[in-house]
Amino acid sequence: RDECERYNFDGFELDFSRHSLFFKLGEEAENLDSMTDFISRIREMLDDIGQRRGQPYRLCAHLPETPVLARRIGLDMAAWLEKGLLDFVVAGWGYNPYTAAIEDAVELCHGHDVPVYACINCSTVADISGSYAERLRGMATNMLKKGVDGIYLFNFFGTAVTYDYDNREAVDDMANPVRLQHKNKLFCL
């Protein structure tokens, strides 16, 4: 509450991607409601702050790539969306942008008119040979074809953009799927 009231942020992200052990092993399912109650309290707090400042305060959750994986660790993505607790979702940890099975998250989010962004962990991009910009474009194209509303870059450090025109251009390309369509891309198996 202190941070959200002190600064005029556009929104707040709950990053569940850092450490996915929130409950004792084997007790995740019985704690789904307590986590949902926690998210509800955060939503109420942000709505209160937003109402007082006259500007909405957005809430995002960075979750596993599927609703089933989220439930396995005690995060009920479906309930959060049904209750209108989230303004958008970041799906996946971004380590498998060529094979991520985010279609169920896309369908669930879009069924509640909530945008979903695919995570691409840029350290993964660096682990594959070939042009960084072409790999990034390939990963983004793959995720956009799965129906996401945009791309969320994780571990994308400023030097990659600052010193390399191709990388900066690749980031710009991801914001325009038509432009991205006509650029060189690298896809991996």
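Is D76 buried or exposed? At 11% relative accessibility, D76 counts as buried, where buried means under 20% relative accessible area, exposed over 50% and partly exposed in between (1.4 Å probe, protein chains only).

Before going on, note that this is a predicted model, in which local features need pLDDT of at least 70 and side-chain atom pairs count only at pLDDT 80 or more, while totals for chains, interfaces and linings use all residues. Residues are numbered from 1 along each chain as its sequence is written, and side-chain values use heavy atoms, with hydrogens and water left out.

**Whole chain**

Show the chain as a cartoon. It comes to 10 helices and five strands; these are DSSP runs numbered from the N terminus, helices being H or I with at least four residues and strands E with at least two. The C-alpha trace spans about 45 × 40 × 30 Å along its principal axes. Of the 189 residues, 44% are buried. Among contacts (heavy atoms within 4.5 Å) between residues at least 6 apart in sequence, 75% join residues at least 24 apart.

**F16 and W80**

Select F16 and W80 next. Both are buried, and they have the most contacts inside the largest nonpolar core, which has 49 residues. Such a core is a set of buried Ala, Val, Leu, Ile, Met, Phe, Trp, Tyr and Cys residues joined through side-chain atoms within 4.5 Å. Beyond its neighbours within four places in sequence, W80 touches F16, M35, T36, I39, A61, L63, L75, L85 and L86.

Now look at the rings. The search of the whole structure finds four aromatic pairs; rings of Phe, Tyr and Trp (its six-membered ring) pair if their centres lie within 6.5 Å, and planes under 30 degrees apart count as stacked, over 60 as edge-to-face and the rest as tilted. In the pair Y7 and F9, the centres are 5.5 Å apart and the planes at 40°, so this pair is tilted. F16 and W80 also form a tilted pair, 5.7 Å centre to centre with 45° between the planes. F16 sits in the loop between strand 1 (11–15) and helix 2 (32–53), and W80 in helix 4, 64 residues apart.

**Helix 5**

Move to residues 103–111. The buried residues of helix 5 are A105, V106, L108 and C109. They pack against helix 3 (67–72), helix 4 (77–82), strand 3 (88–91) and strand 4 (116–121). Just after helix 5, D113 takes a positive phi of about 55°.

**Salt bridges**

The count comes to 16 salt bridges, each a side-chain nitrogen of Lys or Arg within 4 Å of a carboxyl oxygen of Asp or Glu. Return to D76: its partner is R71, with the closest N and O atoms 3.1 Å apart. R71 is partly exposed at 42% relative accessibility.

Select D87 and R43, whose closest N and O atoms are 2.8 Å apart in a salt bridge. D87 lies in the loop between helix 4 and strand 3 and R43 in helix 2, so the pair ties together parts that are 44 residues apart in sequence. R43 is buried at 7% relative accessibility, whereas D87 is partly exposed at 25%.

Finish at D173 and K183, which meet in a salt bridge at 3.9 Å, N to O. D173 is buried at 0% relative accessibility, and K183 is partly exposed at 23%.
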